Amino acid sequence: SRATLDRIIKVAMRAIEADRLDALTIPDIVQQAECSTGAFYGRFESKSDLMAMLLARDAEALSEAMAGATANAMRARDVRGWIESLIALSLDQALSRQSLLRAHPPLDRLAHRERLVSLCADMLARLGASREAQAPLRAEFILTMITGLTRDAVLAGTVTADADARKLFSSELERAAVWYLAAG
């Protein structure tokens, strides 16, 4: 049932938020979700399959948030603000899901990537931040750079929830993205 799936997901999310995903076993999940082992395996082939589904859900949520930030930036005509928003969204997601990223990296692929790249490319072209022909490649590069470098920095421990470390990383990444757009 949907309720069983929700309980399984809730158990996994609690483990992720407590950064103890590595220690969580399928018997733990089944016990805490108050379901049978068959109920778990009826929905997932393995714990890794459950983690892949959670990553896909996170990627979809991040993509939707980035699409919203892109629409806001287009209305505000603010490319720098767009980059700042994408970095903040990516950092928030990576910092809150470190154990999930460690268990099942990489998070290079955003859900609905083609739609998001198209939206970002359209914004870059309309605001004059890129020529129309180059806009899709530039949008793809910016999205990959932000999500990939953010994930890698969080997993390496270079960026933490510490405000100073986060600010330094964000400003360096923003500088690189702005430079990339200005270079073309």
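Mentor: A helix crossing is left-handed if the near helix is turned anticlockwise from the far one by less than a right angle, and right-handed if it is turned clockwise. Helices (H or I, at least four residues) and strands (E, at least two) are DSSP runs, numbered from the N terminus. The model is predicted, so local features need pLDDT of at least 70 and side-chain atom pairs count only at pLDDT 80 or more, while totals for chains, interfaces and linings use all residues. Residues are numbered from 1 along each chain as its sequence is written, and side-chain values use heavy atoms, with hydrogens and water left out.

Trainee: Which hand does the crossing of α7 and α8 have?

Mentor: The crossing of α7 and α8 is right-handed. Helix α7 (residues 113-126) packs on α8 at an angle of about 115°, and the axes are 8 Å apart. Axes are lines fitted to C-alpha atoms, for helices over the stretch in contact, and angles run from 0 to 180 degrees between N-to-C directions.

Trainee: Which residues of α7 and α8 meet?

Mentor: Contact means heavy atoms within 4.5 Å. On the α7 side, Leu116, Val117 and Cys120 are among the residues involved; on the α8 side, they include Ala139, Leu143 and Thr144. By class, the contact has 10 nonpolar, one polar and three charged residues. Here Ala, Val, Leu, Ile, Met, Phe, Trp, Tyr, Cys and Pro count as nonpolar, Asp, Glu, Lys and Arg as charged, and the others, Gly among them, as polar.

Trainee: Why is threonine 150 called buried?

Mentor: Buried means under 20% relative accessible area, exposed over 50%, and partly exposed in between (1.4 Å probe, protein chains only). Threonine 150 has 0%, so it is buried. This residue is in helix α8 (residues 135-156). Leaving aside neighbours within four places in sequence, threonine 150 is in contact with Ser90, Leu91, Ala94, Met145, Phe169 and Leu173.

Trainee: What makes the pair arginine 151 and aspartate 152 a salt bridge?

Mentor: The rule asks for a side-chain nitrogen of Lys or Arg within 4 Å of a carboxyl oxygen of Asp or Glu. For arginine 151 and aspartate 152 the N to O distance is 2.7 Å, so the pair qualifies. Arginine 151 is buried because its relative accessibility is 10%, whereas aspartate 152, at 39%, is partly exposed. By this rule the count comes to eight salt bridges.

Trainee: How do you know that aspartate 6 forms a salt bridge with arginine 2?

Mentor: The closest N and O atoms are 3.4 Å apart, and therefore the pair meets the rule. Both residues lie in helix α1 (residues 2-17), four residues apart, about one turn of the helix. Aspartate 6 is partly exposed at 33%, and arginine 2 is exposed at 55%.

Trainee: What makes the phi of glutamate 34 worth a remark?

Mentor: Most residues other than glycine have a negative phi. Glutamate 34 is not a glycine, yet its phi is near 55°, a positive value. This residue is found in the loop between α2 (26-33) and α3 (37-43), and its 66% accessibility makes it exposed. Arginine 77 also has a positive phi, of about 55°. Its place is the loop between α4 (47-76) and α5 (79-96).

Trainee: Why is arginine 77 called exposed?

Mentor: Its relative accessible area is 57%, so arginine 77 counts as exposed. Alanine 183, in helix α9 (residues 163-183), has 52% and is therefore exposed.
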